[in-house]
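Visitor: I'm new to this one. Could you pick a single part and take me through it up close?

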Amino acid sequence: MSTRRRRAKLALIIPAHNEQVVIASTIQSATKAGMPKKDIYVVDDNSSDDTSKIAVAMLGQANVLKVGRSGKAGAVKKAFGCFNIAERYQWVHVADADGVFGEEYFSALMPKLTRRYAAATGHVQSLPGGWISQFRTYEYTIGLEIMRRIQSWLGVITVIPGPTSCFRTDIFARIDFSDTSLTEDFDATLQIHRRKLGKIVYVPEAKAYTQDPKDYHDFTVQVARWYRGF
């Protein structure tokens with residue numbers, strides 16, 4: 001395989017556990033945003049529902065892997081090895097199974113995927129919802145539109161969010177995605193800085209949408225997990 005061909009390709013890995021309700025819309029949003037189906041891979045983290053069946057119907061058996069319960073980080077590592085991502089692709093994007101890509105996501109992201117950077121991250125927005133989603137819209141505006149632009153300019157991005165995490169495959173293999181970490185995205189970002197693996201670029205035009213917690217209890221559980229992890 002030529003170097004030119006490898007540079008032109010990006011793999012998308014979607015880890016999923018019991019996501020039969022949303023997995024189809026996530027895959028559809030990726031293809032609508034410009035990602036070829038042949039480069040999309042779903043790793044089913046021991047789902048008990050029809051997640052695998054839906055993914056196979058959309059992508060084919062060769063692009064779907066079912067593993068024993070491994071957690072997100074463990075499932076992604078297994079998919080990375082099983083699908084020979086490092087040998088076949090220069091970049092790998094990891095996405096959440098309940099997220100949605102904006103229509104211009106990959107066209108905005110792809111030009112930034114060069115050897116100049118080790119990792120890239122897009123802009124996270126909330127899907128329409130109740131008061132939690134409205135609050136998150138404010139939170140993301142402050143945290144991303146303002147703070148992350150400044151962090152990117154200074155070269156000190158602290159977190160590559162789960163829904164928009166993209167890595168050069170050669171540095172991905174050097175990151176320890178701990179199965180015991182509560183915040184693997186934060187942990188991976190710090191490793192890039194500490195090990196001096198390269199620069200991280202923020203691409204605000206690459207917009208992805210995430211589903212926020214449905215009620216106050218789920219919101220507090222999520223935030224508590226984030227801060228314990230930090």
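Guide: Two residues are in contact here when they have heavy atoms within 4.5 Å of each other. Counting contacts with a separation of 6 or more in the protein chain, 75% are between residues 24 or more positions apart. Keep in mind that this is a predicted model, where local features need pLDDT of at least 70, side-chain atom pairs count only at pLDDT 80 or more, and totals for chains, interfaces and linings use all residues. Residues are numbered from 1 along each chain as its sequence is written, and side-chain values use heavy atoms, with hydrogens and water left out.

The protein chain has 10 helices and eight strands; these are DSSP runs numbered from the N terminus, helices being H or I with at least four residues and strands E with at least two. Of its 230 residues, 48% are buried, meaning under 20% relative accessible area with a 1.4 Å probe, protein chains only.

Let's zoom in on β4, which spans residues 91–94. To find it, look at the open sheet: eight strands lie in the order β3-β2-β1-β4-β7-β6-β8-β5, with mixed pairing. Two strands pair if DSSP finds at least two bridges between them. The edges of the sheet are β3 (64–67) and β5 (100–101), each of which pairs on one side only. Strand β4 sits between β1 and β7 in that order.

Start with the β1 side. Strand β1 covers residues 10–16 and pairs with β4 in the parallel sense, over four bridges.

Strand β7 (residues 165–168) runs antiparallel to β4, and four bridges join the two. Here His 93 stands opposite Cys 166. In general, strands of a sheet pair through backbone hydrogen bonds, either parallel or antiparallel.

Finally, check the two faces of β4. Both are covered. Trp 91 and His 93 are buried on one side, and Val 92 and Val 94 are buried on the other. So much for β4: a strand with a parallel partner in β1, an antiparallel partner in β7, and cover on both faces.

Conventions: Buried < 20%, exposed > 50% of the residue type's maximum accessible area, 1.4 Å probe, protein only.
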